[in-house]
Amino acid sequence: FAFLERDGRTLLVMPSGTEHKAAIIDFTDGKFQTTYIKLNDKEFDRGRAPHGRYRQVEWAVGTNYVWINDSTEDEVYIIDV
C-alpha cells in the first residue's frame, strides 16, 4: 500500500491480492470515499498465487502517480490518482 498527500488530499492506494483491482481511499474529509480501478482484463488465476498476489506499491513523491507491480504477471501498472 501507499499513502499520498497531494493537492490537499490524503489518499491510500491498496492493491488486491486476490483480484486484478486496486482501491484508492480518500481520507481527506473523513468519509473514506473509495474508488476501485481495474488493473487488467485477464482472468485471475489462483493457481499461480494460491495465497494471493504479492504486489508492491510506490508513490512517485511530488506527482499524482503510483506504480503497482504484479510479480506473477511480470507487469507494472502506473496509476494517475
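Student: Leaving aside neighbours within four places in sequence, what is Ser16 in contact with?

Tutor: With those neighbours set aside, Ser16 is in contact with Lys21, Ala22 and Arg55. Keep in mind that this is a predicted model.

Student: Noted. Where does Ser16 lie?

Tutor: In the loop that runs between strand E2 (9–15) and strand E3 (21–26).

Student: Is Ser16 buried or exposed?

Tutor: Buried: its relative accessible area is 17%, and the cut-off for buried is under 20%.

Student: OK, and the side chain of Ser16, which backbone nitrogen lies 3.0 Å from a polar atom there?

Tutor: That's the backbone nitrogen of Glu19.

Student: How many bridges join E6 to E7?

Tutor: There are 6 bridges between E6 and E7, and the two strands run antiparallel. To pick one example, Ile68 has Tyr77 in E7 as its bridge partner.

Student: What holds a sheet's strands together in general?

Tutor: Strands in a sheet pair through hydrogen bonds of the backbone, in a parallel or antiparallel way.

Student: Now the core. Which residues have the most contacts inside the largest nonpolar core?

Tutor: Leu4, Val13, Val66, Ile68, Ile79 and Val81, in a core of 14 residues. Strand E1 (2–6), E2, E3, E5, E6 and E7 each supply at least two residues of this core.

Student: Take Val81. Beyond neighbours within four places in sequence, what is it in contact with?

Tutor: Val81 is in contact with Leu4, Arg9, Leu11, Val13, Ile24, Asn64 and Val66.

Student: Last topic, the aromatics. How many aromatic pairs does the structure hold?

Tutor: It holds 3 aromatic pairs. One of them is Phe1 with Phe3: the ring centres are 5.8 Å apart and the planes are at 85 degrees, so this pair is edge-to-face.

Student: Are Phe1 and Phe3 buried or exposed?

Tutor: Phe1 is exposed, with a relative accessible area of 58%. Phe3 is exposed too, at 51%, and the cut-off for exposed is over 50%.

Student: What about Phe27 and Phe32, how does that pair look?

Tutor: Phe27 and Phe32 also make an edge-to-face pair, 4.9 Å centre to centre, with 80 degrees between the planes. Phe27 is partly exposed, with a relative accessible area of 25%, and Phe32 is partly exposed as well, with 47%.

Student: And which residues make up the aromatic cluster?

Tutor: Phe1, Phe3, Phe27 and Phe32 form one cluster.

Key: Residues numbered from 1 in each chain as written. Predicted model: local features only at pLDDT ≥ 70, side-chain atom pairs only at ≥ 80, totals over all residues. Heavy atoms only, no water. Helix = DSSP H or I, 4+ residues; strand = E, 2+ residues; numbered from the N terminus. Buried < 20%, exposed > 50% of the residue type's maximum accessible area, 1.4 Å probe, protein only. Polar contact = N/O pair within 3.5 Å; in protein donor to acceptor, adjacent residues only side chain to side chain. Contact = heavy atoms within 4.5 Å. Pairing = 2+ DSSP bridges. Core = buried A, V, L, I, M, F, W, Y, C linked by side-chain atoms within 4.5 Å. Phe/Tyr/Trp six-rings, centres within 6.5 Å; stacked < 30°, edge-to-face > 60°.
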